[in-house]
Amino acid sequence: MSAPVIVSAVRTAIGTARKGTLANTDGETLASAIVEEAVRRSRLEPHRFDDILLAESQYGGGDLARYAAVVNGMLDVPGVALNRHCAGSLTSIGLAAASVKSGMESALVAGGVQATSMAPRLRQRVAGTADEYADWYPATHPDSPTAPNQDMSISVGWNTVKAVGITREEQDAWAYRSHQRAVAAIDAGKFADEIVPLKLDGPGDAPVEFAVDEHPRRDTSPAKLASLKVLHPEIPGFSITAGNSSGVNDAAAAVAVTSAELALAEGLTPLARILAWGAAGVDPALMGFGALRAADKVLRRAGLTYADVTLWEINEAFAAVPIAACKEFGLDEERVNFSGSGCSLGHPVAASGARMVVTLVHELRRRGGGLGLATMCAGGGQGGAVLIEV
């Protein structure tokens with residue numbers, strides 16, 4: 001069996017949805033840019049790629065991967081859109097690794113694109129009418145009071161808090177540290193190697209380069225976070241706020257995955273090996289635990305333990321999720337979300353998993369190597385994870 005390796009790992013800077021720098025940038029543009037850069041950095045000729053796998057979320061059901069292939073002159077390279085909600089791009093990386101390991105394919109681009117700012121609004125015909133339509137939002141799971149399918153502050157955040165016994169103070173402290181770490185990483189230039197600058201039209205069509213994550217708040221403080229109102233004051237003890245939740249964001253991220261044999265034959269330097277990948281299902285009312293169960297599964301598949309992992313990326317859909325993971329797995333918080341995560345950098349849903357893998361690759365290389373595990377919960381009561389070695 002062929003060993004899957006990552007030969008390039010890139011992302012865009014993360015924009016704040018609807019009011020940030022990427023507010024007028026569509027998914028097609030993001031997809032085309034990230035595929036172009038992943039291919040360029042791989043040092044493989046574009047025609048050598050067998051496929052492009054890009055996760056999408058709430059973008060209308062097109063195929064951004066194939067669009068990006070055509071824009072980049074890769075006319076004989078197909079593309080597929082896939083969706084596992086937040087964990088979509090972790091799944092795309094896992095499927096790319098599986099295709100390589102099976103020997104069926106030898107080079108793929110895998111990642112995800114989230115253009116929340118430009119996402120279409122969906123409508124559905126009202127049942128029993130001939131031509132009456134209403135706004136429609138696709139359900140991740142059957143709606144219920146304990147797991148509302150359009151309110152993740154309850155289905156993920158609050159339910160995790162109650163199950164583990166997490167305080168408001170713990171969540172706010174985690175979110176504050178997330179911002180501190182993200183700002184420190186930006187100021188130290190840690191993201192420079194992984195971000196592909198985007199050339200965009202600015203005010204009056206003046207060109208603007210977007211190359212720095214804009215969502216982290218330099219001016220936040222424990223006092224400011226503590227002052228925020230909870231999202232559901234009618235629920236006794238509710239502790240989820242906008243501050244200890246993830247942002248709403250735009251971005252794209254991708255990796256080029258090849259076989260170790262192809263990399264050797266072409267003189268490429270692998271950045272990382274993909275050791276294991278997987279997804280998990282949980283009760284939708286325990287959705288936050290999807291990240292934990294996916295991590296469990298992947299580590300079992302690799303024959304490793306939590307202590308073997310050098311660095312963790314556990315997406316901060318809500319601060320409660322990585323806190324729960326640290327409590328259950330006994331993790332050193334210094335090794336978790338070392339450069340910030342969803343509360344600070346933001347959560348561009350379909351791109352977040354690939355963003356985490358990209359950041360792990362580059363950080364582990366700076367540190368001289370080790371094992372990195374990216375894991376996250378996902379809509380519908382799911383989780384996804386990818387384990388790499390640098």
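Which residues form one aromatic cluster?

Reply: This is a predicted model, in which local features need pLDDT of at least 70 and side-chain atom pairs count only at pLDDT 80 or more, while totals for chains, interfaces and linings use all residues. Residues are numbered from 1 along each chain as its sequence is written, and side-chain values use heavy atoms, with hydrogens and water left out.

The cluster is formed by Tyr 306, Trp 312 and Phe 329. Rings of Phe, Tyr and Trp (its six-membered ring) pair if their centres lie within 6.5 Å, and planes under 30 degrees apart count as stacked, over 60 as edge-to-face and the rest as tilted. A search of the whole structure finds four aromatic pairs. In one of them, the ring centres of Trp 158 and Phe 238 are 5.0 Å apart with the planes at 45°, so this pair is tilted. Trp 158 belongs to helix 4 (residues 152-164), whereas Phe 238 lies in the loop between helix 6 (222-227) and strand 10 (249-259), so that the pair links distant parts of the chain, 80 residues apart; helices (H or I, at least four residues) and strands (E, at least two) are DSSP runs, numbered from the N terminus. Trp 158 and Phe 238 are both buried, where buried means under 20% relative accessible area, exposed over 50% and partly exposed in between (1.4 Å probe, protein chains only).

Because Trp 312 lies in strand 12 (residues 311-314) and Phe 329 in helix 9 (residues 320-329), the pair ties together parts that are 17 residues apart in sequence. Trp 312 and Phe 329 are buried.
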